[in-house]
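The report below is meant to be read alongside the sequence and the coordinates.

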There are 2 protein chains.
Amino acid sequence: MTKAPKIPEPTIERLAIYARPLEELVKAKIEVISSEKLAQMCDVNPAQVRKDLAFFGEFGVRGVGYNVEDLLRSIKKILCSDRTWTICIVGMGNLGMALVDNDNFKKRNYKFVAAFDSNPEMIGRRLSCGLTVQPFDDIEKTVQTLGIEIGIVATRPLDAQQAADLLMDAGVKAVLNFAPTHLRTPECCIVKNVDFTVKLENLVYHLEKL
Amino acid sequence: MTKAPKIPEPTIERLAIYARPLEELVKAKIEVISSEKLAQMCDVNPAQVRKDLAFFGEFGVRGVGYNVEDLLRSIKKILCSDRTWTICIVGMGNLGMALVDNDNFKKRNYKFVAAFDSNPEMIGRRLSCGLTVQPFDDIEKTVQTLGIEIGIVATRPLDAQQAADLLMDAGVKAVLNFAPTHLRTPECCIVKNVDFTVKLENLVYHLEKL
């Protein structure tokens with residue numbers, strides 16, 4: 001693939017969403033899907049699907065549809081999710097525990113290789129996923145030794161900035177922040193926030209229109 | 001507000017995202033914001049902000065910007081998030097525990113009024129939020145008695161469909177599903193899925209471009 005043109009952010013987000021039903025279809029051994037059907041499974045309109053995919057070249061055959069496996073492979077390649085990424089998590093409260101056990105991470109080649117917490121009661125605890133909780137002081141060395149590329153912040157809001165700073169100082173370039181707080185980020189790094197209530201507000205909007 | 005035209009789904013999603021920094025700005029007593037600045041805070045382009053808001057009428061003054069408080073109030077009205085919603089949660093594992101404690105729900109008037117689990121060890125347990133975990137058998141009566149409008153499914157994947165069915169049979173019209181599995185939904189109900197890895201794939205895409 002040659003260097004892509006500037007792709008709109010929503011297109012990038014939707015590509016990941018298109019990949020979800022495609023994975024299920026591959027498992028179900030379904031070979032071809034129309035843009036209409038894919039759009040319906042993803043809750044967007046078919047023209048949007050075609051427009052999004054057009055950014056990345058020719059997919060599918062008019063009147064027939066997309067080859068499911070090819071399309072999934074292409075999307076993963078575009079998103080760079082066709083390889084394993086090593087990630088670590090800071091904050092092993094309920095949310096952190098839920099994240100390391102979430103099947104979606106494993107399924108999509110995101111591999112947790114370290115877990116950190118500041119609570120002395122948590123440090124040293126062996127998790128069901130096989131990791132042992134390490135103190136914040138270990139972040140720098142562990143990130144560098146294991147070549148960790150992505151950090152997840154799942155701490156309390158008050159500790160989130162410190163957690164992110166430690167990760168980024170250690171060389172992590174990308175942080176996914178689950179703490180309900182805004183993080184300051186240096187230019188060289190990317191932070192994306194996960195806010196559970198965004199989806200909820202979307203749901204409420206549609207509920208009111210039912 | 002008169003009945004709105006068909007609003008694209010991404011616009012609805014972005015409105016919730018615009019509301020986030022606006023809430024912070026209100027707290028910081030900042031009165032006016034330009035579309036450029038708001039766009040930057042939300043990681044979209046300014047033309048998109050203006051286009052999204054144009055669906056709902058006239059906001060802001062050309063060359064000056066938007067009145068922060070008015071804009072936030074209008075967005076909340078459009079999204080129907082300007083009132084309290086009663087919600088319940090099914091599945092009180094780590095994720096369920098994290099969700100009932102998440103500040104964003106409280107802050108945005110989503111009120112947990114009941115929590116359910118199928119695990120006998122969890123049933124009857126008193127949570128820090130004040131709720132007591134109830135068995136699945138209580139779902140119908142509790143949903144109806146308390147007039148619960150939205151259900152959150154945070155069970156293991158295998159139990160998610162049963163949880164959603166119980167909620168919808170009891171009269172819940174909207175379900176937010178955190179279990180990494182696809183749910184069958186009757187026409188009369190809405191289900192939205194939260195998939196943590198969608199944001200992660202977005203992050204990875206940008207990381208690769210750094």
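This is a predicted model: local features need pLDDT of at least 70, side-chain atom pairs count only at pLDDT 80 or more; totals for chains, interfaces and linings use all residues.

Residues are numbered from 1 along each chain as its sequence is written, chains are lettered from A and ligands numbered from 1 in the order in which they are written, and side-chain values use heavy atoms, with hydrogens and water left out.

**Chain A**

The secondary structure of chain A comes to nine helices and eight strands, where helices (H or I, at least four residues) and strands (E, at least two) are DSSP runs numbered from the N terminus. Its C-alpha trace spans about 60 × 45 × 35 Å along the principal axes. Of the 210 residues of chain A, 52% count as buried, a class that means under 20% relative accessible area, with exposed meaning over 50% and partly exposed lying in between (1.4 Å probe, protein chains only). The accessible surface of the chain is about 10200 Å², 51% of it belonging to carbon and sulfur atoms; such areas come from the Shrake-Rupley method with a 1.4 Å probe, and for residues only the protein chains shown count as cover. Contact means heavy atoms within 4.5 Å, and among contacts in chain A between residues at least 6 apart in sequence, 56% join residues at least 24 apart.

Helix H9 of chain A (residues 196-209) is largely enclosed by the rest of the structure, because 10 of its 14 residues are buried; among them are Phe196(A), Leu200(A), Glu201(A) and Tyr205(A). On the surface, Val61(A) lies in the loop between helix H3 (46-54) and strand S2 (66-67) of chain A and counts as exposed because its relative accessibility is 53%. Together with Val32(A) and Val64(A), Val61(A) makes a nonpolar surface patch of about 250 Å².

**Interface of chain B and chain A**

The size of an interface is often given as the accessible area lost when the parts come together. Here the area buried between chain B and chain A (the accessible area, 1.4 Å probe, that two parts lose on being put together, summed over both) is about 5900 Å², of which carbon and sulfur atoms give 66%. The contact takes 59 residues from chain B and 59 residues from chain A. Eight salt bridges are found across this interface, each being a side-chain nitrogen of Lys or Arg within 4 Å of a carboxyl oxygen of Asp or Glu. Asp195(B) forms a salt bridge with Arg20(A), the closest N and O atoms being 2.6 Å apart. The largest share of the side of chain B that touches chain A, 14 residues, comes from H9(B).

Thr86(B) is in strand S3 of chain B, and Thr142(B) is in helix H7 (residues 139-146) of chain B.

| Residue | Relative accessibility | Class |
|---|---|---|
| Thr86(B) | 19% | buried |
| Thr142(B) | 9% | buried |

Leaving aside neighbours within four places in sequence, Thr86(B) is in contact with residues including Lys111(B), Val113(B), Gly147(B) and Ile148(B), while Thr142(B) is in contact with Ala114(B), Phe116(B), Gln134(B), Gly147(B) and Ile148(B). The side chain of Thr86(B) also reaches the backbone oxygen of Gly147(B) at 3.2 Å.

Methods: Patches are made of residues with over 30% relative accessible area and no salt bridge: like charges are joined within 9 Å, nonpolar side chains (Val, Leu, Ile, Met, Phe, Trp, Tyr) within 5 Å. A polar contact is a pair of N or O atoms within 3.5 Å; within protein, one must be able to donate a hydrogen and the other to accept it, and residues adjacent in sequence count only if both atoms are side-chain atoms.
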